[in-house]
Structures are given as C-alpha cells and as structure tokens.
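Hi everyone, thanks for making time this morning. Let me put the sequence and the structure up, and then we can walk through a few spots together.

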Amino acid sequence: MRSRLGPVSWIALFLGISYFLIPLVATAIFSTETSRNGHDLSAYTAVLGDEGFRSSLSFSFKLAVATIVVSTVLMVPTAYWVHLKLPALRPLMDFTTILPLVVPPIVLVAGFGPTFGIDGPPILGGQGSWFYGEGIPGNVPPLLVGAYTVLAFPYVYRSLDSGLRAIDLKTLTEASQSLGAGWVTTLIRVIVPNLRPAILNGAFLTLAIVLGEFTIASILQYTPFSVYISSVGQSSGTQQSSLTVIAFLLTWGIMLALLRFTRGPGGGRRGAPTQGAR
Amino acid sequence: MSAIAPPTDGFVPSAPRRRRGRRSLAFLGILPFLLFTGVFLLAPTIVLVKASFQDPAGAFTFENVRALFQGELLHAYRTSIEISLVTALVGGLLGALMCYAMTHKAAPRLLRAGLETFSGVAANFAGVPLAFAFISTLGTVGLVTAWLKDAGIDLYGSGFTLFGFWGLALTYLYFQIPLMILVIAPAFDGLRGEWREAATNLGATPAHYWRTVGLPILMPSMLGALLLLFANSFSAYATAYALTGGNSVELAPTLIGNELSGDVLNNKNLGYALAFGMIVIVTACVAAYWLLERRAARWKR
C-alpha cells in the first residue's frame, strides 16, 4: 500500500497555500509603502491616531460584548432546558437555529425596514427610538444586538448542543437538586462551569462574527469597525491596507484565543465560523 | 424557570395527567427564545415575504415576483448563480484536494493543524478587509500587478480586471476554499483505513479504490459541501460591495443593497421580492444539504 502523497496533492497544496499567503504578504508590504518608493509605518501611525478608528473599534467591541451577554443569557438556559426537559423539541431547536443561514444578512436587513422602520407598523418605536440606540449606554442599538444574536444562533447553539451532549445532565441536575439547589443555582453553579468550554467557544465565534459584520450595520447606517474600514479605503490606499492587516491580526487573535481557551471536556466539535463571509 | 422544585423533579414516574400539566409548564422555559426569534428573525422574514406580494399601495399582486424573471433582476440572479457555481466548484475541488492531502497519513501533522487554523481565520476574514487585500494585490496599482508588469505581463492590458466577474470569483475563493476544508474534513476522517486495506488485499489499485469505494462514500458529503459553498457565495454581500461598489458586477445581494440604501428600482416592493427569491434559492440549497448530510451519516455509524 502506498503511503506517500501523490503529485496532484502536492500541486493542490502548493497552489492553495500560495493563494492563501500572497494576498496577505502583498497587503502587508503595500501598507508600508511611501510615495517616495520607500517603506515606513506612517500609514499605521496615521490610522491608529485617527479618532474614527478608535471610536469605531470601541463601538464594535461594545456591540460584541452586548451580543455575547445577550446570546449567552438567552441560549444557555434554553439549550439546557430543552436537553433536560423537552428532548422532543431538539429537532425544532436544530431547525430554528439553522434558519439564520437560510435568511442571509442582506435579506434580514431588508425585512427590518418594513418591520421596524418608518415603512411599517412601528412596533418598537421606529427610527430614532431607544431600539435604534438612542439614549442607550454606549449608544448600542438593541436592534443590532438582536440581529447579531440571531446571526450567531447556528454557531452558539451548535457549540452548546455538543457541550451538553458530552455531560450527564440528568445526574448533575439530580445531584444538585438533592442537595437543595433550585433551578437557577443549578444552572449557574453546576451546569455553566461544566459547559465553560462550549460557552467560551460560542463567545469567541460571536466576537469574530460581530467584528466582521458589515452588511446589516452599513445598511442601517451605523459605523462599527468594518464600516469604518470601508469608508477610509475610499481615500487612502496605504491606510486601507494597514487597516486590512489590523483586521486580519484581530481575526487571528480571536481564533487563536478560541483554540487556546476552549480545549477541554464539553468543548465538543468546534463549528466552522463563516458568517463573516456574508 | 421556577426556583422551587422537589428534589427529584422529572425523574420519578408520575401520573399521566400530572405529567401533561408539567410538560406544558416546561414549555414555558423556551418562551424567551421563541419570542426573541419571533421578533428578530421570523417577523422580519414574514413581513418581507408579505411585502413582496404587495404593490406600493399595499394591494396583493404577483407583479413583483413576475418581474424577477425579467430584465435586470433576472440578470442579477443569473450572475449571482454563475459566480456561486464557479466558486463552489473550483473552491470545492481545490479544498477537497487540500483536505485529502492534509488528512493523508503521510502528511506532516503540522500541515493539518496549520491549514485548519488558517481556514478558521480565512472563513472569517471576509467582507471589506478581504476585498482590500485583493485590491492591494491585484488591483490596478496592486503589488502583484506591478511585479507582473515588471516581468512583462500586463494583466489589465490583457483584459483582466479585479473589479469584474472573474476578479470577484477569484476573491470569493478566499473564503470558499477554507470553508470546503472545514466542512469536508470530517468526511475524509470517516474513511476507514480497513476499507482501503480490504480493497488493496483484493487487488485494487489506488485509482480503483477511489473510483469504487472512496468517492462513492464521500459523494453525499461532497455534494452537500458544494451546496453549502454555493449558498455561502450566493448570500455574500460585503465582499462584492467593497470590490465593485455594487455596480460593476450586478448581483442579487448588491442589487438589494442598492435598493435599500438608495432607490434604484423605484419600487421598494420589488427589492423585497428580490430578497424573497434569495430566501427561496438558499433554502433549497440548505434543505438539499441537510438531506445529503443525513445520507452521509450512514457511514459514520
């Protein structure tokens, strides 16, 4: 039996890896170019010193933190409850949490107009209300947080689902309750610590999704990091590439942190995060 | 969720009637989730679908949906489908070959760790930064464009443009190939060594093995992965927007985006119908993917 890689594999690897690396290297070099054919880091200092950079990045992180908190508080008890009490509804949960993949962000945001905007019945106040971030600490719009929580459903739920499958819920719950703990105590002090890798995994994927999301934010005219990059790109080529490098390093940082912190029992199979592509 | 519960709640057999009552109470536990999903996902989708069957005055009509099969809108769909097909097939092929190489037992272990981590990053490194990376590389003043020019190859002179269909396809591959690697790796892992040994013992050559054993087993997963890639590319908006400004290549998502931020179609309901059409196509892909995955799961038992 042959156990060496054939030429086709080597060619595919060579092509694929060069294709992956060339744009990164080219962008990094491009970002240091100066008008006099030299190289320096002036584009980076210009970008880092820009007020828009700091405010958009901090807005993105606020959005990410809010989304992670909302989706954890919403999804952990739900997933626990469904696994423990309503196993018959597990297919329904699988189905519901996969729906955001069927409704692309551009379609979802198209539906936001007639549902929450001036076009339709203003169920939640319409533009300029608290729902759009008016008067909310950090101006974090509940509408955007809600949308991002939905976008993260497939990844967060899948992560929690495999985490919950890996632990013996019934025994843990029974043990905790026979010691006198109520549901809330059981959830916070027994289930959550056991699910930590799965929860962290979901949180990091959510962070990556929120930092990369462009479609919904730009159509609703907010300026998180991704929208800021797009606006700078139109004025300066080197600043555009330096921002690209920064965005790439941020994504790397998040994914490495994900790998570093989510190893362990209950982490389950890591889902492939792909929402940024949209 | 009530904080008061008997210690063995739910684990002792109880009378049928009591249990029914308890189940309906248990149902309350997922109410917050259902409400949330209703507000942020179902309501916008239902309103959108309804609006695509209405004229601007609010009366019921099939006119918008009929318009999808004509002129500019049909063309946008066709371009979207073409770019999704091309990038799913090319990305799927290259991704599958790379995945085969990295899961091969002769491959260095570092290769797999590196490729998988990179794929996780690259699948997320999409949208605006991705478009800019390609502009820095292959744009009119991009680095590789300049190098090739020095080497005597004039890319843009020979008709290539990053801002057209093929440039966009080349850029999409940057998230399509990694997605393929991530999605198909479990299927390659599922190919058991014994099957290969059995085939070899019976006198099969590697080509023979792949044609009669390996590929037929992988086929449902492969087709499923291709459908997922298709849907992924079909839904992509940010990358196309950043690269083409939503104009030089007209796709279904960028047309919706243009409609939402300006008023190009002069009929918002037409934009909603366009979005409704996207839901239909993506739903078909994801449903077919789901069926194929179930078929593929047979071999994982």
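Let's start inside: how many residues line the largest cavity, and which of them lie nearest its centre? The largest cavity is lined by 14 residues, and Leu211(A), Gly212(A), Ala247(A), Thr251(A) and Pro129(B) are the ones nearest its centre. Helix 9 (196-212), helix 11 (225-233) and helix 12 (237-261) of chain A are the elements that give two or more residues to this lining. Helix 12 of chain A has the largest share, with 4 residues. By type, the lining of the largest cavity divides into 10 nonpolar, 4 polar and no charged residues. Here Ala, Val, Leu, Ile, Met, Phe, Trp, Tyr, Cys and Pro count as nonpolar, Asp, Glu, Lys and Arg as charged, and the others, Gly among them, as polar.

The volume of the largest cavity is about 150 Å³, and the structure holds 4 cavities of 30 Å³ or more. For the record, on a 1 Å grid over the protein atoms alone, a cavity is a set of points where a 1.4 Å probe fits but cannot get out, a pocket is an open set with protein on both sides within 12 Å along at least five of seven lines, and lining residues have an atom within 4 Å of a point. Grid points are joined across faces, edges and corners, and a volume is the space filled by probe spheres set on the points.

A word on what you are looking at: this is a predicted model, where local features need pLDDT of at least 70 and side-chain atom pairs count only at pLDDT 80 or more, while totals for chains, interfaces and linings use all residues. Residues are numbered from 1 along each chain as its sequence is written, chains are lettered from A and ligands numbered from 1 in the order in which they are written, and side-chain values use heavy atoms, with hydrogens and water left out.

Chain A, then. Chain A has 12 helices and 0 strands; these are DSSP runs (H or I, at least four residues, for helices; E, at least two, for strands), numbered from the N terminus. Its average pLDDT, the predictor's confidence in each residue from 0 to 100, is 85, and 88% of the residues score at least 70.

On to the second largest pocket, at about 540 Å³. Its lining has 23 residues, with Val8(A), Leu97(B), Tyr100(B), Trp210(B) and Leu215(B) nearest the centre. Helix 10 of chain B gives the largest share of that lining, 7 residues.

Helix 10 of chain B (residues 206-235) also holds Asn232(B). Is Asn232(B) buried or exposed? Asn232(B) counts as buried because its relative accessibility is 3%, where buried means under 20% relative accessible area, exposed over 50% and partly exposed in between (1.4 Å probe, protein chains only). Its side chain makes a polar contact with that of Gln176(B) at 3.2 Å. A polar contact is a pair of N or O atoms within 3.5 Å; within protein, one must be able to donate a hydrogen and the other to accept it, and residues adjacent in sequence count only if both atoms are side-chain atoms.

Last stop: Gln221(A), in the loop between helix 10 (215-219) and helix 11 of chain A. Its phi is near 65°, a positive value in a residue other than glycine.
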